[in-house]
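Hi everyone, thanks for coming. Let me put the structure up, and then we can walk through a few parts of it together.

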Amino acid sequence: MKYVDINFSRPQTEIMRGVSIIFIMLHNLLHLYPGVLRESEFFYDFGAISKFGEILGSGNLLAAWENIISFLGWYGVPMFIFLSGFGLSKRYDGKPFETWAFIKRNWLKLVTLMSIGVFIFCVDQFITILSQEHPQGWKIFLNFLIPLTCLNDLVQFRLDSIPGVYWYFGLAFELYVIYALYLRIKSGGKVKNGSLLWGMTAICFIAVPFFWNWPFGFDPIKFQTYLRHNFVGWMLPFAAGIWIARNPRQPLWGVIALCIVSVALFVPSLYSVWSWQLTSIFAVVIIAGISIIFSKIPVFGRFWIWTGQLSAYLFVAHPIVRHLSRFWTFGDPDLMPVSVTCMLYVIAVFLAAILYRIALRSVKAFLKLS
């Protein structure tokens with residue numbers, strides 16, 4: 001039997017990040033357009049999935065590209081979560097480790113990364129409140145500041161905080177804590193058999209669809225949204241990343257079968273709330289395959305590697321550009337074609353990300369942070 005080692009190289013993981021962040025950026029931009037098909041990563045929407053099936057069935061996919069990217073773009077998120085689990089396991093399993101120092105260090109890293117973005121949003125909101133009456137008044141500032149605790153996903157039953165995409169930092173912090181406390185292989189310890197890892201994942205996997213049909217008069221969308229903002233909704237790709245890092249040697253036939261199944265069942269799996277959760281894994285496999293192909297093309301691959309290296313700054317910068325897009329012609333296809341808007345938006349986000357990185361390095365140097 002032939003085996004293959006799934007030890008993703010650093011350039012390959014950077015390309016995966018680069019492809020994923022572009023999907024996320026366009027997904028969040030296209031949601032500004034009225035009438036564009038949307039799928040929320042936070043709750044199961046069968047109506048939107050049915051419309052997506054109709055679009056695919058029409059055969060005119062090029063004309064409907066904005067609906068497809070808007071609908072599927074959020075699948076870049078599970079790729080980031082998979083890479084987080086993969087990277088943590090590769091870096092820390094079986095090595096000397098100080099749990100609380102690790103948690104503190106990563107909390108500070110997340111807070112520092114989003115701090116300038118939160119400050120910009122607060123300044124913008126301050127100007128808005130001074131210039132016109134805001135329906136939520138000064139209380140809106142709480143929505144901006146809560147993400148700096150990295151506990152925003154836990155303390156808010158349904159996350160309505162602005163900037164919305166910064167919810168991810170709270171999720172990332174939860175996953176760091178869970179890995180450090182429960183899932184890490186201790187120094188000198190034996191490789192774990194995965195019972196705790198997959199036991200936790202199974203419970204989380206069952207919880208999300210169970211509450212989709214909550215039978216006791218509770219709002220299922222509200223609670224499912226809460227679960228999907230927290231680690232419960234994302235344990236599957238995180239666990240998969242850890243497992244692959246610990247078990248890179250896999251039979252070739254199994255890898256080929258997984259690739260075929262991921263491509264063949266990605267769309268059909270959308271039509272059930274239970275199999276919908278598997279689409280995250282299918283998306284990870286598909287994006288990983290695309291990224292490996294990109295890595296074989298020298299010039300093209302270098303661009304995506306650079307994009308992946310910039311992905312953290314693209315992530316924190318793109319909601320700022322999107323928020324300030326109200327001063328542009330975004331959202332009005334009669335004034336500017338969607339394709340042109342997307343191109344200008346991507347360029348603007350890249351410029352903002354580069355400036356953000358420079359500003360953050362200056363702040364860290366001033367505060368003497370590593």
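Before I give a volume, a quick word on terms: by a pocket I mean an open set of grid points where a 1.4 Å probe fits, with protein on both sides within 12 Å along at least five of seven lines. And please keep in mind that this is a predicted model.

So, how much space lies in the largest pocket? About 1,500 Å³. Its lining is made up of 42 residues, and those nearest the centre are Arg 17, Arg 91, Lys 109, Tyr 176 and Ala 312. Several helices give two or more residues to that lining, among them H1 (10-30), H5 (99-131) and H17 (338-367). Which element gives the largest share? That would be H4, with eleven residues.

Now to the largest nonpolar core, which has 116 residues. The members touching the most others are Phe 102, Tyr 166, Tyr 168, Leu 183 and Phe 238. Helix H8, residues 167-183, supplies the largest share of this core, with 13 residues. Let's zoom in on Phe 238: beyond its neighbours within four places in sequence, its contacts are Ile 81, Ser 84, Gly 85, Leu 88, Leu 175, Tyr 179 and Leu 183.

One last stop, Gln 12, which sits in helix H1. Is Gln 12 buried or exposed? Buried, because its relative accessibility is 14% and the cut-off is under 20%. Setting aside neighbours within four places in sequence, Gln 12 is in contact with Asn 7, Ser 291, Ile 292 and Ser 295.

Technical notes. Residues are numbered from 1 along each chain as its sequence is written. This is a predicted model: local features need pLDDT of at least 70, side-chain atom pairs count only at pLDDT 80 or more; totals for chains, interfaces and linings use all residues. Side-chain values use heavy atoms; hydrogens and water are left out. A nonpolar core is a set of buried Ala, Val, Leu, Ile, Met, Phe, Trp, Tyr and Cys residues joined through side-chain atoms within 4.5 Å. Buried means under 20% relative accessible area, exposed over 50%, partly exposed in between (1.4 Å probe, protein chains only). Helices (H or I, at least four residues) and strands (E, at least two) are DSSP runs, numbered from the N terminus. Contact means heavy atoms within 4.5 Å. On a 1 Å grid over the protein atoms alone, a cavity is a set of points where a 1.4 Å probe fits but cannot get out, and a pocket is an open set with protein on both sides within 12 Å along at least five of seven lines; lining residues have an atom within 4 Å of a point. Grid points are joined across faces, edges and corners, and a volume is the space filled by probe spheres set on the points.
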